[in-house]
Amino acid sequence: MKRMSLIFRAKANSALDRAEDPRETLDYSYQKQLELLQKVRRGVADVATSRKRLELQLQQLQKQSSTLEEQGRKALSLGREDLAREALTRRSGIQQQVSDLETQYQALQGEEEKLTLASQRLQAKVDAFRTKKETIKATYTAAQAQTRIAESFSGISEEMGDVGLAIQRAEDKTAQMQARAGAIDELLASGALDDPSGMRKDDITAELERMSSGSDVELELARMKAELSGGAAPTPAIEPGQPGSTPTDQPRFDK
């Protein structure tokens with residue numbers, strides 16, 4: 001089971017390695033960084049919203065505190081010390097709330113500044129990663145194209161390997177056809193095979209025809225010379241074996 005598990009993991013890792021494209025991985029990483037940056041910006045916006053709400057509450061409480069202070073002074077001026085004391089008591093409670101809200105406001109303000117700074121730093125890192133990502137992608141694409149070209153020239157690529165095999169098969173078939181044609185020509189010339197068209201002749205017949213053609217040319221040339229010189233035209237030579245042929249019947253011509 002351990003061995004099967006090891007083989008399975010090795011096969012899976014090999015398949016993933018072949019399927020993995022570094023450019024797609026870089027794009028995915030960049031997308032994740034953009035999502036993280038968006039979350040940080042959303043957090044900054046949420047903190048800023050909370051800070052703004054506290055700021056509005058502080059303004060309202062400070063306004064109430066000022067109103068109660070004015071009411072206490074007015075009641076005291078009218079001789080209503082009890083009303084003035086009640087107004088100042090309420091104002092004291094509001095002042096405590098204002099103090100608590102101011103503490104929260106300062107904490108939110110500090111958190112907002114931290115998140116804003118983190119967002120700016122993250123934005124710079126994302127921009128730098130994007131530049132590096134595009135550079136790596138361009139370099140990888142160029143290297144991939146260069147590798148494919150080198151493989152094509154060297155003939156080790158799969159496509160060029162198929163082309164090389166096709167060329168080899170074509171050359172083999174051509175050589176086989178040429179050898180077959182040469183063998184048939186030799187058999188026809190030797191008379192081992194008959195030519196149904198009658199156009200093909202063996203070596204002896206072809207040689208006899210060439211000799212006969214050469215003899216006819218020589219006779220025609222001698223006849224023309226005799227006509228030009230005013231002499232009698234030579235008689236054609238009688239082939240041996242024909243009636244009237246003797247060894248002395250063949251004419252002799254001076255060169």
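User: Among contacts in the protein between residues at least 6 apart in sequence, what percentage joins residues at least 24 apart?

Analyst: The figure is 61%; contact here means heavy atoms within 4.5 Å. This is a predicted model, in which local features need pLDDT of at least 70 and side-chain atom pairs count only at pLDDT 80 or more, while totals for chains, interfaces and linings use all residues. Residues are numbered from 1 along each chain as its sequence is written, and side-chain values use heavy atoms, with hydrogens and water left out.

User: What makes up the fold, and how many helices and strands are there?

Analyst: The protein has five helices and zero strands, giving the pattern α-α-α-α-α along the sequence. Both kinds of element are DSSP runs numbered from the N terminus, with at least four residues (H or I) for a helix and at least two (E) for a strand.

User: Why is serine 119 called buried?

Analyst: Buried means under 20% relative accessible area, exposed means over 50%, and partly exposed lies in between, using a 1.4 Å probe and protein chains only. Serine 119 has a value of 11%, and therefore counts as buried. This residue is found in helix H3 (residues 81-154), where it touches Leu37, Val40 and Arg41, leaving out residues up to four places away in sequence.

User: Why does glutamate 112 count as buried?

Analyst: Its relative accessible area is 15%, so glutamate 112 is classed as buried. Glutamate 112 also belongs to helix H3, and beyond four places in sequence it is in contact with Val47, Ala48 and Arg51. In the whole protein, buried residues make up 13% of the 255 residues.

User: What makes tyrosine 30 and phenylalanine 129 an aromatic pair, and how are they arranged?

Analyst: Rings of Phe, Tyr and Trp (its six-membered ring) pair if their centres lie within 6.5 Å; planes under 30 degrees apart count as stacked, over 60 as edge-to-face and the rest as tilted. The count by this rule is one aromatic pair. Tyrosine 30 and phenylalanine 129 are 6.5 Å apart centre to centre with 15° between the planes, and the pair is stacked. Tyrosine 30 lies in helix H2 (residues 22-77) and phenylalanine 129 in helix H3, 99 residues apart.

User: How do you know that the charged end of lysine 133 sits over the ring of tyrosine 30?

Analyst: The rule asks for NZ of Lys or CZ of Arg within 6 Å of the ring centre and within 35 degrees of the ring normal. The charged end of lysine 133 is 5.0 Å from the centre of the tyrosine 30 ring and sits over it. Tyrosine 30 is itself buried, because its relative accessibility is 13%.

User: Which residues make up the largest nonpolar core?

Analyst: A nonpolar core is a set of buried Ala, Val, Leu, Ile, Met, Phe, Trp, Tyr and Cys residues joined through side-chain atoms within 4.5 Å. The largest has eight residues: Leu54, Leu58, Leu61, Leu68, Ile94, Val98, Leu101 and Tyr105. A second, separate core of five residues includes Leu37, Val40, Leu122 and Val126.
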